[in-house]
Amino acid sequence: MAKKILLEHINVPGIETFDVYKKQGGYKAVEKALKQMTPDAVVEEVKKSGLRGRGGAGFPTGMKWSFIAKPDGVPRHLVCNADESEPGTFKDRFLMAKTPHTLIEGMIVSSFALGANSSYIYVRGELMYVVRILENAINEAYAKGYLGKNILGSGYDLDLYVHCGAGAYICGEETALIESLEGKRGNPRMKPPFPAVKGLYQRPTVVNNVESIAAVSWIVNNGGDEYAKIGVGKSTGTKLISAGGSINKPGVYEIELGLPVEEFLYSDEYCGGIWKDRKLKACVPGGSSVPVLPANLLLKTANGEARLMSYESLSDGGFATGSMLGSGGFIAYDEESCMVKNLWNFSRFYHHESCGQCSPCREGTGWMEKVLHRIEHGHGHAQDIDLLVDIAKKIEGNTICPLGDAAAWPVASHIRHFRDEFEWHINHPVEAAKKGAVYRPVAAYA
Amino acid sequence: MSGYHHDTHTHSNVEVKFSPEAMKVVEKHLSKYPEGRQKSAILPLLHLAQAELGGWLSVEVQDYIASILKIEPIEVYEVATFYSQYYTSPVGKYVFEVCRTSPCWLRGSEEIVEYLENKLGIKDGQTTPDGMFTIKTVECLAACGSAPVMQCGLKYHENLTPEKIDQIVDESIKENKISRAWF
């Protein structure tokens with residue numbers, strides 16, 4: 001069995017309660033950090049651990065923390081990004097609903113490290129039942145003296161609050177999340193200034209993903225060096241992978257980074273192979289924003305090496321033959337899945353979720369959706385494929401936040417790897433418009 | 001969203017005032033943010049208003065929230081129209097928000113929407129004439145591991161099948177009250 005850090009006690013009955021969580025060794029990190037360590041020492045351990053942001057960007061968490069400005073007399077904030085909305089990703093919901101104290105313990109230790117005395121967990125509004133679970137757990141932690149004034153007699157004060165969104169993918173972008181937390185529309189801010197200098201209420205702020213914060217407790221308990229021993233190269237530690245789509249066993253799996261993709265996909269411990277005895281056609285390995293890979297390039301890199309579930313291996317080959325680990329939203333497609341329809345589906349998503357601030361994204365995502373709609377429904381023109389590539393290029397890099405890139409990358413990669421499917425749709429409009437129509441090339445999928 | 005101010009649905013049929021119990025929830029939210037930053041509570045308060053004051057956000061309701069937060073009404077309107085969970089026109093007591101994004105589509109969300117449409121006799125975006133049900137397709141609900149899924153109020157309905165839909169509709173008819181998520 002692979003090493004479990006975040007989900008080790010997930011099946012213990014009552015783990016959502018303070019007492020059971022504590023009995024399983026919970027809240028030791030709070031005691032250790034607050035009583036035996038300085039805030040800087042906690043930051044140092046997180047730096048040593050090599051932990052990278054688990055929301056998708058993969059930026060080193062310890063380094064992000066070290067950027068926080070510390071002007072005299074200005075409060076600082078830690079905000080947990082629990083606005084999980086990237087299609088294919090459902091790990092944070094799972095963790096928060098099953099073991100809320102894992103997040104709360106991480107929030108206490110991380111807030112201590114950053115010198116924050118009031119911290120927020122921003123949960124997407126659809127997950128209101130999870131908000132209630134978190135609020136109950138926070139109330140328990142207050143009652144036991146792990147939140148509030150003078151925690152465990154250490155002199156450290158922390159108030160922890162849950163805040164909710166109301167349906168907006170863009171609020172997963174950290175500056176949009178801050179705007180939303182201030183009670184406004186979720187329009188991303190221009191950077192600089194970065195949140196570490198001027199964030200929530202113009203105060204120094206760190207925004208971290210749920211999974212990143214949850215990992216901090218283990219790092220404090222066991223040391224950054226121990227954490228860095230898990231995984232492979234610069235992909236240290238474990239990662240929660242949300243596995244969905246055309247597989248036998250969808251669900252959240254904690255893996256040690258560096259696990260071969262083939263083992264993850266086909267072993268019974270994880271995805272259990274492709275459903276309905278079908279073959280794998282393609283995979284989006286890190287949430288809808290990362291490039292799609294055809295089956296052969298998912299399992300092996302262009303050099304013929306086994307592809308691993310790690311930041312480096314999944315991006316091997318750049319965008320030409322690689323993808324990204326992203327948020328770990330692993331979506332598998334079988335041979336009956338239409339990649340044109342899938343791209344239309346993705347493009348509709350980005351069009352719906354564009355905040356509308358930047359013209360290239362607001363207009364471009366709409367055009368892409370329309371062009372894809374007509375190709376999928378048998379009204380495509382010969383020049384539409386190049387038109388899509390052109391629009392995607394004009395969005396990429398030309399927007400305030402990365403939503404534009406996230407909308408452009410799937411278009412570029414679907415056409416790069418599945419151009420024949422788009423051409424078939426355009427050349428066979430009547431067949432393509434039929435319900436459930438899928439182009440199956442003569443060559444078998446790997 | 002455009003034409004919002006020309007919308008005929010500007011008035012609700014309930015008294016626009018929170019109950020004393022709801023006011024306690026309002027106070028809880030207001031206390032979470034620093035002095036002078038109470039506007040931060042706008043999203044939780046709009047959720048609460050939707051649950052307590054008629055099931056949707058009429059202009060009157062939005063103005064009421066503005067008065068509680070001591071901000072201009074426009075600051076509420078611009079927020080209420082940005083987020084997809086707020087209804088700025090009347091909807092059913094039960095709004096079935098069915099996920100339509102790729103991982104749910106791969107596992108049959110289109111068939112679920114079709115089944116719901118046939119069962120309730122309405123299309124996506126419509127409300128039954130008796131005001132009970134609305135069907136609304138939405139983007140990824142972060143539950144792809146148990147696709148197809150839909151959210152309704154505080155509940156996530158997962159691994160949906162036609163049989164489950166029948167059961168959910170029957171239970172809703174029996175319960176018969178406005179179902180909105182708040183905390």
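This is a predicted model: local features need pLDDT of at least 70, side-chain atom pairs count only at pLDDT 80 or more; totals for chains, interfaces and linings use all residues.

Colleague: Is strand β10 of chain A mostly covered or mostly uncovered?

Modeller: Strand β10(A), residues 280-284, is mostly covered, as five of its five residues are buried.

Colleague: Which way do β10(A) and β13(A) run, and how many bridges join them?

Modeller: They run antiparallel, and four bridges join β10(A) to β13(A), which spans residues 329-334. Within that pairing, A:Val284 has A:Ile331 of β13(A) as its bridge partner.

Colleague: And in what sense does β10(A) pair with β11(A)?

Modeller: That pairing is antiparallel too, with two bridges between β10(A) and β11(A), the latter being residues 293-294. Here A:Cys283 stands opposite A:Leu293 of β11(A).

Colleague: Let us move on. How many residues lie between β7(A) and β8(A) in their hairpin?

Modeller: Five residues lie between the two strands of that hairpin. Strand β7(A) covers residues 238-245 and β8(A) covers residues 251-256; six bridges link them in the antiparallel sense. One example is A:Ile241, whose bridge partner in β8(A) is A:Tyr253.

Colleague: Now the contact. How many residues does each of chains A and B contribute?

Modeller: Chain A contributes 46 residues and chain B contributes 37. On the chain B side, the elements giving two or more residues are α2 (42-52), α4 (73-80) and α5 (102-106).

Colleague: Which of these gives the most?

Modeller: Helix α2(B) gives the most to that side, with five residues.

Colleague: What classes of residue make up the side of chain B that touches chain A?

Modeller: That side has 24 nonpolar, eight polar and five charged residues.

Notes
Residues are numbered from 1 along each chain as its sequence is written. Chains are lettered from A and ligands numbered from 1 in the order in which they are written. A residue is buried if 20 or more other C-beta atoms lie within 10 Å of its own, exposed if 12 or fewer, and partly exposed in between; C-beta atoms are placed from the backbone. Two strands pair if DSSP finds at least two bridges between them. Two residues are in contact if their C-beta atoms, placed from the backbone, lie within 7 Å. Ala, Val, Leu, Ile, Met, Phe, Trp, Tyr, Cys and Pro count as nonpolar, Asp, Glu, Lys and Arg as charged, and the others, Gly among them, as polar.
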